[in-house]
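Dear colleague,

My findings follow after it.

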Amino acid sequence: MEHNVDFGAEAQANHALAVLRALDLDCQPTVGERFAPGVFLSMDPESDTQASLTSTPGELLTLEMTTGHPGRWLSLNIELGECDLSQRDVMGFMCKTRANETITFRACLRSGQDEGFQDAFFGKRVISYGAASTHADLIKLAERDDIPAQAPWRELVLFFPPDLRQVTLTDLSLFGV
C-alpha cells in the first residue's frame, strides 16, 4: 500500500491508516515515534507509561499500556497535513473499537497555528468495551469558530484515559463532505 491516489482533504490520514492496516507490527513505540507514516503516540513526559503496540493485517492496532504513575494525557495522533477544509461543510470520523475494560475517550481535530495549536473536540465520547462497537461523529464546520479553514498542519487526536491498560482500534476512517 505505497500509492495514494485519493486527493480529498483527509487523504493523508486515510492513506496512513491504510498503511497501518496492512502492517504486521509488534513494537514498543516511544513518544513521538512514527510507527506508521504520520501515526504516533503522545504521552505526558512526567508519567512512567510504557506502550506495547501490535498491528496485524486487516486490523489497525492494539495498544497495551503499563503505568505506575499516569500522566496528564495519553493520545494517538494521526497527521492530516495541511488538510484544507475551505471546501468542506462537515468533517467526521468513524471507528470500530473494543477494550478489555470499559473505557471512554474523546477525539479532536487539532489545527496548527503560528504559535502552537488549537483543539476542536468532537461532541460525543467513544465508548469501548468487551465487544466490538462502532462510533461515528462529525463536526459541522460552519457552526464552529475554533477550526480555521486553512492551517499549516492538522491532526486527528484520540485522547485516551491516561491510565489506559488496553484498547483495540479495529478500524478508523476520516471523511469530509
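The notes below cover cysteines, aromatic pairs and charges over rings.

This is a predicted model, in which local features need pLDDT of at least 70 and side-chain atom pairs count only at pLDDT 80 or more, while totals for chains, interfaces and linings use all residues. Residues are numbered from 1 along each chain as its sequence is written, and side-chain values use heavy atoms, with hydrogens and water left out.

With a disulfide taken as a pair of cysteine sulfur atoms within 2.5 Å, the count is zero. Cys95 is in no disulfide, its nearest cysteine sulfur, that of Cys108, being 14 Å away. Cys95 has 2% relative accessibility and counts as buried (under 20% relative accessible area; exposed is over 50%, partly exposed in between; 1.4 Å probe, protein chains only).

The whole structure holds three aromatic pairs (rings of Phe, Tyr and Trp, the latter by its six-membered ring, with centres within 6.5 Å; planes under 30 degrees apart are stacked, over 60 edge-to-face, the rest tilted). One of them, Phe105 with Phe160, is edge-to-face, at 4.8 Å centre to centre and 65 degrees between the planes. This pair links strand E7 (residues 103–113) to strand E11 (residues 154–160), its members being 55 residues apart (strands, E, are DSSP runs of at least two residues, numbered from the N terminus). Both Phe105 and Phe160 are buried.

Finally, the charged end of Arg34 sits over the ring of Phe40, 4.1 Å from its centre (CZ of Arg or NZ of Lys within 6 Å of the ring centre and within 35 degrees of the ring normal). Arg110 has its charged end over the ring of Phe117, 3.9 Å from the ring centre.

Notes: Helix = DSSP H or I, 4+ residues; strand = E, 2+ residues; numbered from the N terminus.
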